[in-house]
Amino acid sequence: MSKLKLGLLIGSTRKGRFADLPANWIGTQAEKTGAFDVEVIDLADFSLPFFGDPAASPAQTQAADAFAAKVAACDAYVFTVAEYNHSLTGVLKNALDHASWTRRPAGSVAYGGVGGARAVMHLRQIAVELEMVSVKAAVHISYGDYLALREGRTGFEALPHLGTAAERMLGQLAWWGRVLRSARQEERSVEAVA
Ligand SMILES: Cc1cc2nc3c(=O)[nH]c(=O)nc-3n(C[C@H](O)[C@H](O)[C@H](O)COP(=O)(O)O)c2cc1C
């Protein structure tokens, strides 16, 4: 069975962001499962305009098209989710508006005061509207672990509870990813015959 293409969305573009640490770690964990080819989709690489902004430059419109094409080519997603004011980042919300995520599963690696839980709950609500399948398991990096990782006092390998959560989430993403990919393929072949 061919590998699933996993889009790893880095959901913060803040200078000095923490997001790179969990993104690198979960990308490695996903590759290790053997189920996924990981494609990093870093929002910092796309100068996305606000969705529908009439003042968007041609370069921004091009960036938005390139972003939407990258998202469409994936079979599953993992988001790094920073909690900003008890929700997800504005850049991630805007990015979600820009693409079609339909009938793909999604998981989160979140961080913040309560492990980014409030941001993940908002992301799950949005996922329903986008027809994404939000898997149950998620990685929540609690504040103590977040500080220790940020300050370099520990590494992910010394936090096995995060590894366990990642394993569960990636397992669920692989299962739903395979199911939904074959359903989409079946649908396309029925349409081609009709
Ligand atoms: C605008 C802003 C709002 C924040 N609001 C929250 C919050 O509501 N809850 C929380 O736990 N942390 C909050 N934080 C702290 C962030 O979780 C922390 O700075 C984290 O490193 C942000 O992710 P990033 O470094 O990848 O951008 C906030 C940070 C910023 C910049």
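In the predicted model, the ligand is surrounded by Ser12, Arg14, Arg17, Phe18, Ala19, Ala82, Glu83, Tyr84, Asn85, His86, Gly112 and Gly113, a residue being near a molecule or strand if its C-beta atom, placed from the backbone, lies within 6 Å of it. This shell divides into four nonpolar, five polar and three charged residues; Ala, Val, Leu, Ile, Met, Phe, Trp, Tyr, Cys and Pro count as nonpolar, Asp, Glu, Lys and Arg as charged, and the others, Gly among them, as polar. Residue numbers start from 1 along each chain as its sequence is written. Because the model is predicted, local features need pLDDT of at least 70 and side-chain atom pairs count only at pLDDT 80 or more, whereas totals for chains, interfaces and linings use all residues.

Most residues other than glycine have a negative phi. Asparagine 85, however, has a phi near 50 degrees, which is positive, and histidine 86 likewise has a positive phi, near 60 degrees. Asparagine 85 lies in the loop between E3 and H3, and histidine 86 is found in that loop as well. Helices (H or I, at least four residues) and strands (E, at least two) are DSSP runs, numbered from the N terminus. Asparagine 85 is exposed, with 9 other C-beta atoms within 10 Å, while histidine 86, with 13 such atoms, is partly exposed. In these terms a residue is buried if 20 or more other C-beta atoms lie within 10 Å of its own, exposed if 12 or fewer, and partly exposed in between, with C-beta atoms placed from the backbone.

Strand E3 comprises residues 76-82, and seven of its seven residues are buried. Cover extends to both faces of E3, with Ala76, Val78, Thr80 and Ala82 on one side and Tyr77, Phe79 and Val81 on the other. In a regular strand the side chains alternate between the two faces of the sheet. E3 runs parallel to strand E1 (residues 4-10), to which five bridges join it, and two strands pair if DSSP finds at least two bridges between them. E3 is also joined by six bridges to strand E4 (residues 105-111), again in the parallel sense. Within the latter pairing, valine 78 stands opposite glycine 107, and valine 81 has alanine 110 as its bridge partner. Together, E3, helix H3 (residues 90-97) and E4 make a right-handed β-α-β unit; a crossover is right-handed if, with the strands pointing away from the viewer, the path from the first strand over the helix to the second runs clockwise.

Strand E4 is mostly covered too, with seven of its seven residues buried. Pro105, Gly107, Val109 and Tyr111 point one way from E4, and Ala106, Ser108 and Ala110 point the other way.

On the E1 side of E3, leucine 6 is found in strand E1 and has alanine 76 of E3 as its bridge partner. Leucine 6 counts as buried, with 28 C-beta neighbours inside 10 Å. Leaving aside neighbours within four places in sequence, leucine 6 is in contact with Ala30, Phe36, Asp37, Val38, Glu39, Cys74, Ala76 and Val78, two residues being in contact if their C-beta atoms, placed from the backbone, lie within 7 Å. The C-alpha atoms of leucine 6 and alanine 119, 113 residues apart along the chain, are separated by 21 Å.

The chain as a whole contains six helices and six strands, and from the N terminus its elements run β-α-β-α-β-α-β-α-β-β-α-α. Its radius of gyration is 17 Å, close to the 16 Å that the globule rule gives for 194 residues, so the chain is as compact as a globular protein of that length. This radius is taken over C-alpha atoms, and the globule rule is 2.2 Å times the number of residues to the power 0.38. Taken along the principal axes, the C-alpha atoms fill a box of roughly 60 × 45 × 25 Å. Of the 194 residues, 39% count as buried. Among contacts in the chain with a separation of 6 or more, 81% are between residues 24 or more positions apart.
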